[in-house]
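Subject: Structure handover

Hello,

Here is the structure I promised to pass on. Please open it before reading the notes below.

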Amino acid sequence: MSVIYLLLTISIIVAILFFIAFIYSVKTGQFDDSYTPSVRMLFDDELVKDTEEKSTKD
């Protein structure tokens with residue numbers, strides 16, 4: 001029975017540590033813009049093609 005109390009205490013401590021890490025990351029701006037980097041990756045080649053076309057026209 002004492003093992004259950006020990007495991008419960010450890011799991012609560014770990015959960016609190018993860019919660020503190022989450023709050024810290026939210027306050028430091030880790031989750032401000034999660035959409036743009038994934039979309040920028042998709043349209044990166046089009047931007048390169050556009051600049052190459054402009055440089056060949058000049």
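Leaving aside its neighbours within four places in sequence, which residues is Ser 25 in contact with? They are Gln 30 and Phe 31. Please keep in mind that this is a predicted model.

More on Ser 25. This residue sits in helix α1. Ser 25 counts as buried because its relative accessible area is 14%, and the cut-off is under 20%. Its side chain also reaches the backbone oxygen of Phe 22, at 2.8 Å.

Now the whole chain. The secondary structure comes to 2 helices and 0 strands. Of the 58 residues, 3% are buried. The chain exposes about 5700 Å². Carbon and sulfur atoms supply 67% of that area.

Next, helix α1. It covers residues 2-27. How far apart are its end C-alpha atoms? They are 38 Å apart. After α1 comes Gly 29, with a positive phi near 90 degrees.

Last, the surface. A nonpolar patch of about 570 Å² is made by Leu 8, Ile 12, Ile 13, Ile 16, Leu 17 and Ile 20. Leu 8 belongs to α1. Is Leu 8 buried, partly exposed or exposed? It is partly exposed, because its relative accessible area of 47% lies between the 20% and 50% cut-offs. On spacing: an α-helix has 3.6 residues a turn, so residues three or four places apart point the same way.

Best wishes

Note on methods
Residues numbered from 1 in each chain as written. Predicted model: local features only at pLDDT ≥ 70, side-chain atom pairs only at ≥ 80, totals over all residues. Heavy atoms only, no water. Patch = residues over 30% accessible without salt bridge, like charges linked within 9 Å, V, L, I, M, F, W, Y side chains within 5 Å. Areas by Shrake-Rupley, 256 points an atom, 1.4 Å probe, with all protein chains shown as cover. Salt bridge = Lys/Arg side-chain N within 4 Å of Asp/Glu carboxyl O. Helix = DSSP H or I, 4+ residues; strand = E, 2+ residues; numbered from the N terminus. Buried < 20%, exposed > 50% of the residue type's maximum accessible area, 1.4 Å probe, protein only. Expected span 1.5 Å × (residues − 1). Polar contact = N/O pair within 3.5 Å; in protein donor to acceptor, adjacent residues only side chain to side chain. Contact = heavy atoms within 4.5 Å.
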